[in-house]
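Thanks, everyone, for making the time this morning. I would like to walk through one model with you, and please keep the viewer open while I talk.

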Amino acid sequence: MINWNVILGIAKTHLLTKMKSTVTATLGVTFGIGSYITLVSFMTGLNTMLDDLVLNQTPHIHIYNEIRPSANQPVALYEDFKNAFNVIRSIKPKLSQKKIHNALPMLNYLKKQPNVHGATPQLRAQIFYLSGSMELGGNLTGVDIMEEVRLSNLRDNIVEGSPEALKNNENGILLGSGLAEKMSLSLGDRVQISTVSGNIFPLKIVGIYQSGIADVDNVQSFTNLKTVQRILGEAENYVTDINIKLTDITEAQSMADQLEKQFNVKAMGINEANAQFETGSNIRNLITYAVSITLLIVAGFGIYNILNMLIYEKMKDIAILKATGFSGTDVQLIFMAQAMIIGMAGGIMGLSIGFALSKIIDQAPFETEALPTITTYPVNYDPVYYIIGIIFALVSTFVAGYLPSKRAKKIDPVKIIRGT
Amino acid sequence: MEFILETKDVNKYFHKPKEFHVLKDISFGVKKGEFTAIMGKSGSGKSTLLYILSTMDTDYKGQLYLNHQLVTGKSQRELSQIRNKHIGFVFQFHYLLSEFSVLENVMLPAKKLGERSPAEIERNAQQKLEMLHIGHLAHQRASRISGGEKQRVAIARALINDPTILMGDEPTGNLDSHNSENVFNIFKKLKEEQGLSLLVVTHDEDFAKRTDRIIQMEDGRIITY
């Protein structure tokens with residue numbers, strides 16, 4: 001039979017009469033939680049932005065025909081040398097076509113898979129951009145533009161013009177921003193391109209593409225799949241790459257392995273392509289958590305100290321409470337209640353301050369050539385961090401309050417009253 | 001007449017700083033409505049005995065009965081309930097919670113007991129204060145009143161749950177003669193009007209002489225009963 005009204009009443013009186021200590025302890029929690037929220041929102045915001053920068057440009061699974069030497073050299077088929085140790089010099093890659101066999105049926109198959117969000121065909125061609133007598137080497141990728149826009153952040157990277165303009169123009173091109181600058185071309189101009197075999201085609205610039213990665217923007221342009229097929233003089237089933245977006249990115253590797261076996265093509269999962277990238281973001285997350293936990297522990301020690309002092313000051317009160325019939329548990333609850341009130345108040349204030357600071361950071365201008373679509377610092381408002389914040393505030397104040405309150409529980413009233 | 005508080009063969013040892021036999025075979029009882037004083041020199045063990053009787057000290061051998069119930073060996077939780085309901089305690093140094101108002105100090109044990117409604121408790125507390133002529137102080141902070149007033153507030157607090165017995169550890173030890181007289185009269189009145197049992201440890205001979213019965217202690221034994 002614990003009488004919460006009485007216990008909370010005493011806790012409240014203690015907190016209100018020791019306003020200075022209460023405020024100090026509460027502010028400790030507030031700053032701990034506030035900086036945790038700010039830091040985590042900002043850091044994860046940046047992380048997500050950096051991840052997206054690379055990941056959105058990378059398909060979850062990339063299917064293509066890899067140029068490599070044949071694994072089974074003809075000598076292996078020759079019966080007489082079966083048990084011999086064969087040395088072959090100067091192996092050349094196997095002569096095969098760049099296009100994917102049966103690309104269109106494969107696309108149809110992929111689109112029907114339940115875990116596939118979308119699959120798009122691409123045709124990548126090596127070409128030259130002609131500017132007067134200059135020839136600039138580069139890539140021209142033929143895409144199903146509306147599907148690409150649906151599945152990736154391509155639209156964000158089109159800084160001038162629009163994907164719709166490309167869709168509506170058979171001879172349109174989305175020119176890389178680096179190329180446009182080099183050749184002094186802008187929206188609406190014409191650019192001449194030349195294939196490796198020497199055929200020259202004029203294309204109209206319907207958009208400027210800027211990925212933010214200079215090496216890409218200096219060589220890469222996009223046009224419709226059909227346009228590239230026509231330029232190269234190939235049939236409509238000529239596709240060199242298939243990009244797949246999955247509904248669940250974690251299935252990428254297993255599905256890639258399966259596709260490789262099923263279709264005898266090279267299929268690369270996103271983890272294989274960006275292994276070092278994941279390591280980077282994991283380490284950044286680790287740093288964020290290390291700093292946040294340090295802040296929260298410091299706040300926890302502040303509460304521990306203040307409660308310890310409070311209990312030391314209140315020794316006589318504790319003795320009286322026990323003498324007049326309050327049990328050790330009652331006394332412990334009185335001090336635990338104080339700790340939890342401080343934790344709750346500090347936690348909520350910390351969340352508010354963290355939210356306010358995040359808002360301010362969110363407004364701060366952040367303009368960089370590399371990221372055309374971003375104008376302010378990215379901030380992540382994921383409520384999960386706010387829930388973690390308040391839980392940590394409560395847990396740390398609970399722990400910080402538990403030890404001193406345990407001591408209060410065990411205080412022997414006779415010793416205090418008799419002064420021994 | 002029946003004893004409301006009784007001890008049988010209570011022995012107590014201090015272990016620090018060295019082994020010391022403080023109480024030796026204490027067996028006695030307090031009757032209902034009796035005003036008893038325990039006297040003795042410093043170190044005779046009278047306060048130690050009182051704290052055992054108050055159930056706060058549990059480190060002893062022998063048995064303690066309150067209202068014919070064996071108290072010895074009960075858990076701390078049960079003991080604090082017994083203290084709350086059956087024992088009122090008045091200390092030498094008033095010992096009020098200085099941050100609370102006088103009224104709140106008096107009300108706390110009753111709130112802990114939780115047998116009455118808050119409004120009833122408040123009315124009761126106010127009534128106890130009036131009875132001790134300090135009703136006008138009810139809403140003062142406990143730290144703002146004089147020593148004699150504090151002791152009367154402490155008595156009011158001890159009485160709030162209508163205890164079986166009121167214990168005092170030198171309740172007048174820290175007061176001037178006027179206030180001592182005052183406290184004695186209050187005790188006397190409580191005994192006569194309400195039949196309350198009182199057990200008071202004191203040094204004050206004048207105080208002790210006017211009680212019903214004096215228990216003299218020396219070297220951990222009761223010498224006159």
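This is a predicted model: local features need pLDDT of at least 70, side-chain atom pairs count only at pLDDT 80 or more; totals for chains, interfaces and linings use all residues.

In chain B, among the contacts with a separation of 6 or more, 72% are accounted for by residues 24 or more positions apart. Chain B has 225 residues, of which buried residues make up 48%, and its secondary structure comprises 7 helices and 10 strands.

Let me start with a pair of helices in that chain. Helix 5 of chain B, residues 147-159, and helix 6 of chain B, residues 177-194, have axes that come within 10 Å and cross at roughly 15°. Because angles under 35 degrees count as roughly parallel, that crossing makes helix 5 of chain B roughly parallel to helix 6 of chain B. The crossing of helix 5 of chain B past helix 6 of chain B is right-handed. Which residues in helix 5 of chain B meet helix 6 of chain B? They are Gly148(B), Gln151(B) and Ile155(B), and on the helix 6 side they meet Asn179(B), Asn182(B), Val183(B) and Ile186(B). Sorted by class, this contact between helix 5 and helix 6 of chain B has 3 nonpolar residues, 4 polar ones and no charged ones.

One of those residues deserves a brief stop, namely Asn182(B), which is found in helix 6 of chain B. Is Asn182(B) buried or partly exposed? Asn182(B) counts as partly exposed, because it has 18 C-beta neighbours inside 10 Å, whereas a residue needs 20 or more to be buried. Between Asn182(B) and Arg152(B) there are 9.0 Å in space, C-alpha to C-alpha, although the two are 30 residues apart in sequence.

Turning now to where the chains meet, 22 residues of chain B are in contact with 20 residues of chain A. On the chain B side, the elements that give two or more residues are helix 1 (46-53), helix 2 (76-86) and helix 3 (102-113) of chain B, and the largest share, 6 residues, comes from helix 2 of chain B. By class, that side of chain B has 9 nonpolar, 6 polar and 7 charged residues.

In soluble globular proteins, nonpolar side chains tend to be buried together. Here the largest nonpolar core has 110 residues, and those with the most contacts inside it are Ile303(A), Leu307(A) and Val106(B). Its largest share, 10 residues, comes from helix 14 of chain A, residues 328-363. Leaving aside residues up to four places away in sequence, Val106(B) touches Ala125(B), Lys128(B), Leu129(B), Val153(B), Ala156(B), Arg157(B) and Ile160(B). Another core, of 44 residues, lies apart from the largest one, and among its members are Ile158(A), Leu179(A), Val228(A) and Ile244(A).

Finally, helix 14 of chain A also takes part in a helix pair, since its axis and that of helix 1 of chain A, residues 4-17, come within 9 Å and cross at roughly 55°, and the two helices are therefore oblique to each other. Helix 1 of chain A passes helix 14 of chain A in a right-handed crossing. Among the residues that meet here are Ile7(A), Leu8(A) and His14(A) in helix 1 of chain A, and Asp330(A), Leu333(A) and Gln338(A) in helix 14 of chain A. By class, this contact has 9 nonpolar, 2 polar and 1 charged residues.

Notes
Residues are numbered from 1 along each chain as its sequence is written. Chains are lettered from A and ligands numbered from 1 in the order in which they are written. Helices (H or I, at least four residues) and strands (E, at least two) are DSSP runs, numbered from the N terminus. A residue is buried if 20 or more other C-beta atoms lie within 10 Å of its own, exposed if 12 or fewer, and partly exposed in between; C-beta atoms are placed from the backbone. Two residues are in contact if their C-beta atoms, placed from the backbone, lie within 7 Å. Axes are lines fitted to C-alpha atoms, for helices over the stretch in contact, and angles run from 0 to 180 degrees between N-to-C directions. Angles under 35 degrees count as roughly parallel, over 145 as roughly antiparallel, 65 to 115 as roughly perpendicular and the rest as oblique. A crossing is left-handed if the near helix is turned anticlockwise from the far one by less than a right angle, and right-handed if clockwise. Ala, Val, Leu, Ile, Met, Phe, Trp, Tyr, Cys and Pro count as nonpolar, Asp, Glu, Lys and Arg as charged, and the others, Gly among them, as polar. A nonpolar core is a set of buried Ala, Val, Leu, Ile, Met, Phe, Trp, Tyr and Cys residues joined through C-beta atoms within 7 Å.
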